[in-house]
Amino acid sequence: MQYQSTRGASLGRFSDILLQGLAPDGGLAMPEHIPTIITAKNLHEWKTYNYADLAFAVMRHYIDDIPENDLRRILHRSYHESVFHSEAITPLTRLGDSHTYILELSNGPSLAFKDIAMQFLGNAMEYVLEARDQRLNILGATSGDTGSAAEYAMRGKARINVFMLSPHGRMSPFQQAQMYSLQDANIHNIAIEGVFDDCQDLVKAVNADAAYKSRHHIGAVNSINWARVLAQSVYYIKAYLALDLPEGAEVDYTVPSGNFGNIYAGYIAKRMGLPIAHLIVATNENDVLYHTLRSGEYRARPAADVAKTSSPSMDIGKASNFERYIYNISGDDSAQTAALWHTLEAGGTVSLKALGERIRASGFDAGRSSHADRLTTIRDVYEKYGRLIDPHTADGVHVARQWQAAHPSERPMICLETALPAKFEETVQEATGITAPRPERFRDIEQAPRRVEILPNDVTALKDYIARSLAQHQ
Ligand SMILES: *Cc1c(COP(=O)(O)O)cnc(C)c1O
């Protein structure tokens with residue numbers, strides 16, 4: 001399988017794009033076509049597969065430059081009960097006798113759905129770096145979930161170091177403890193005296209120094225990596241299989257969304273042939289995607305106008321993966337995609353009205369949620385079903401219920417759980433008055449010794465620190 005940019009450039013094969021960030025033309029990597037591999041016959045056969053074997057059956061169509069036995073081994077190591085604390089990896093549970101289901105994606109090492117893709121990414125990157133005799137030093141900025149998923153996926157990996165910037169004192173106590181307690185020599189936590197945007201600007205400033213970047217093998221594991229999208233498409237299929245439906249029956253999914261990576265993986269599953277009727281985007285108060293899908297006008301929201309909400313992992317003004325979706329529904333038209341995104345990047349508004357019919361035909365819809373909706377939903381789900389959900393998942397359940405009320409049907413509605421409530425204790429406490437239980441391994445994590453370097457908001461200090469740490473490793 002060959003890959004190309006949404007803006008036209010040829011990019012090589014899977015191992016090439018695995019290690020790449022943005023394409024040289026500023027676009028995102030896409031396979032040259034999306035094969036229709038999900039047939040009634042396959043779905044029947046896959047019902048007995050475990051998660052890793054299902055992942056292999058799907059992902060091997062996109063990864064033909066890693067020998068099959070090696071790919072199978074990478075997937076079995078990534079999707080193992082010992083990593084995800086559940087044999088099913090992504091269990092599907094029903095809310096009472098309603099048509100609504102919760103797809104549990106957060107039982108992995110960092111308690112958020114990002115672990116599912118990141119575990120594969122860690123193992124696949126280690127494999128490719130070994131094969132090519134290369135090293136990778138991942139530099140990233142996090143306000144919480146991405147950083148911890150990346151660190152838990154990369155800890156102890158040969159040939160990989162992680163330098164993760166976080167805003168000093170600004171993450172939740174649990175999130176700080178979760179990251180800073182990691183003692184692995186290849187994980188470098190850097191608390192920057194500043195806010196999240198400062199951290200992101202520092203990453204950009206380091207990347208702008210091409211000589212430094214190449215000398216120190218600086219790379220990224222951001223949400224635009226195709227391998228993450230591909231790995232995420234598997235759990236849409238796993239959930240469908242768990243319902244054990246009659247042949248051809250359709251389902252709906254609601255997905256708490258920020259960067260559009262999770263729900264876009266659902267779209268890929270649909271394009272591969274999974275019988276999905278609707279894919280419903282749930283946003284919080286930062287409702288750019290809601291407006292875009294409803295009005296057909298898309299304009300990114302500047303960082304300064306992004307509200308700080310109680311579902312913080314969805315506080316995003318510009319959904320990077322949306323470019324892939326527009327590319328696909330325009331019929332893989334890279335010239336049109338490049339033109340639209342050049343307008344957007346210059347701060348303009350693009351009209352997707354000409355594509356409106358195709359957006360509707362692709363099954364997408366959207367809803368949004370507020371802090372009050374979040375609290376009501378967490379409380380109601382707890383009272384009705386005795387089940388605690390986190391604020392992001394609550395945004396999804398709220399939007400799903402509103403959508404079901406407006407479109408009554410017997411179709412199953414699968415809501416994706418994107419984090420465990422223990423990760424966002426405060427809001428869960430506010431909604432229900434109770435403290436979310438924690439997995440045993442995180443019980444006293446706030447008391448664990450910490451490994452974190454506090455640095456000023458200064459790019460020279462950061463570059464020196466990275467160079468010094470790398471020199472010590474060699
Ligand atoms: C990252 C994240 C999201 C948003 O997912 P996208 O793929 O960026 O749309 C939602 N909820 C939680 C808890 C997250 O960590």
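Predicted model: local features only at pLDDT ≥ 70, side-chain atom pairs only at ≥ 80, totals over all residues.

1. Strand S7 covers residues 160-167, and eight of its eight residues are buried.

2. Which strands pair with S7? On one side, strand S6 (residues 136-141) is joined to S7 by six bridges, and the two run parallel. Within this pair, Leu139 stands opposite Phe163 of S7. Strand S8 (residues 187-192) is also joined to S7 by six bridges, again in parallel.

3. The ligand is surrounded by 15 residues, and the closest are Lys114, Asp145, Gly258, Asn259 and Asn262. By class, the residues of this shell comprise five nonpolar, eight polar and two charged.

4. Which atoms of the protein lie 2.6 Å, 2.7 Å and 2.9 Å from the ligand? A polar side-chain atom of Lys114 is 2.6 Å from an oxygen atom of the ligand. A polar backbone atom of Asn259 lies 2.7 Å from an oxygen atom of the ligand. In the side chain of Thr418, an N or O atom is 2.9 Å from a nitrogen atom of the ligand. The ligand on its own has 390 Å² of accessible area, of which the protein covers 96%.

5. Is Lys114 buried or exposed? Lys114 counts as buried because its relative accessibility is 13%, and the cut-off for this class is under 20%. Lys114 is located in helix H6, which spans residues 114-132. The C-alpha atom of Lys114 is 10.0 Å from that of Gly261, although the two residues are 147 apart along the chain.

6. His85 is in the loop between helix H5 (81-84) and strand S4 (92-94), and its phi is near 55 degrees, a positive value in a residue other than glycine. Ile89 is found in this loop between H5 and S4 as well; its phi is near 65 degrees, again positive in a residue other than glycine.

7. How exposed are these two residues, His85 and Ile89? His85 is partly exposed, since its relative accessible area is 42% and that class lies between the cut-offs of 20% and 50%. Ile89 has a relative accessibility of 2% and therefore counts as buried.

8. Finally, the annotation. An unreviewed UniProt entry lists residues 89-326 as "domain: Tryptophan synthase beta chain-like PALP". In the model, this span is 41% helix and 19% strand, and its end C-alpha atoms lie 31 Å apart.

Notes:
Residues numbered from 1 in each chain as written. Heavy atoms only, no water. Near = heavy atom within 4 Å. Polar contact = N/O pair within 3.5 Å; in protein donor to acceptor, adjacent residues only side chain to side chain. Areas by Shrake-Rupley, 256 points an atom, 1.4 Å probe, with all protein chains shown as cover. Nonpolar A, V, L, I, M, F, W, Y, C, P; charged D, E, K, R; others polar. UniProt positions renumbered as here; feature names shortened; annotations may be inferred. Helix = DSSP H or I, 4+ residues; strand = E, 2+ residues; numbered from the N terminus. Buried < 20%, exposed > 50% of the residue type's maximum accessible area, 1.4 Å probe, protein only. Pairing = 2+ DSSP bridges.
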